[in-house]
Amino acid sequence: MMQFALLYNETPEEQGRRDTADAPAYWGAWSAYMGAMAAAGVMHSGQGLLPPATATTLRTAGGKWQVHDGPFADTKEQLGGFVILEVPDLDTALEWAARAPCAGAGSVEIRPVMPPPPAG
């Protein structure tokens, strides 16, 4: 088995649905999707994230911190959450990613999880 991180990127419009009259449909779609992964036994862990405006970005330059409020991104899509899947292969991870509610309006990035270093 392999582990893959599914990184869920949503557009501001999609993230805005969280607090509107459309919130039950938005949350219902995510609940059904997460429930399906849990029922299939492929979800190792995961969490949703608070909106991008709550982020803090840190960079270091010359040993000094540069701290910025909010996200530091040149994209309109923002990370909304992640899941770690444990599945046989990339094709299976892609199948689960394609079912994500944000796959149509945003995107899902799939990355293999780095194995732990050998005990030494």
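At 45% relative accessibility, Arg 111 counts as partly exposed, a label for anything between buried (under 20% relative accessible area) and exposed (over 50%), judged with a 1.4 Å probe and protein chains only. Its partner is Glu 109: the two form a salt bridge whose closest N and O atoms are 2.5 Å apart. Here a salt bridge is a side-chain nitrogen of Lys or Arg within 4 Å of a carboxyl oxygen of Asp or Glu. Glu 109 is partly exposed as well, at 31% relative accessibility. Elsewhere, salt bridges with shared partners tie Glu 14, Arg 17 and Asp 22 into one network.

Before going further, a word on what you're looking at. This is a predicted model, where local features need pLDDT of at least 70 and side-chain atom pairs count only at pLDDT 80 or more, while totals for chains, interfaces and linings use all residues. Residues are numbered from 1 along each chain as its sequence is written, and side-chain values use heavy atoms, with hydrogens and water left out.

Now step back to the whole chain. You'll find three helices and six strands; these are DSSP runs numbered from the N terminus, with helices being H or I of at least four residues and strands being E of at least two. Follow the sequence along and the pattern reads β-α-α-β-β-β-β-α-β. The C-alpha trace spans about 55 × 45 × 20 Å along its principal axes. Of the chain's 120 residues, 29% count as buried.

Back to the charged pairs. How many salt bridges does a search of the whole structure find? The count is four. Asp 22 is partly exposed, with a relative accessible area of 33%, and Arg 17 is partly exposed at 22%. Another salt bridge joins the side chains of Glu 10 and Arg 18, at 3.1 Å from N to O.

Strand β3 (residues 56–61) runs antiparallel to strand β4 (residues 64–69), and six bridges link them; two strands count as paired if DSSP finds at least two bridges between them. Ala 61 has Lys 64 in β4 as its bridge partner. Two residues sit between the strands of this hairpin, and Gly 62 takes a positive phi near 60 degrees.

Leu 58 belongs to strand β3 and is partly exposed, at 47% relative accessible area. Together with Trp 65 and Val 67, Leu 58 makes a nonpolar surface patch of about 370 Å². A patch is built from residues with over 30% relative accessible area and no salt bridge, joining like charges within 9 Å and nonpolar side chains (Val, Leu, Ile, Met, Phe, Trp, Tyr) within 5 Å. The areas come from the Shrake-Rupley method with a 1.4 Å probe, and for residues only the protein chains shown count as cover. In a regular strand, side chains alternate between the two faces of the sheet. His 68 is found in strand β4 and is partly exposed, at 33% relative accessibility. From His 68 to Ala 38 is 30 residues in sequence and 36 Å in space, C-alpha to C-alpha.

Two or more lining residues come from each of β1 (2–10), α2 (23–40), β2 (43–48) and β5 (78–87). Which element gives the most to the lining? That's α2, with four residues.

Finally, visit Gly 104, in the loop between α3 (90–98) and β6 (107–112). Gly 104 is exposed, with a relative accessible area of 77%.
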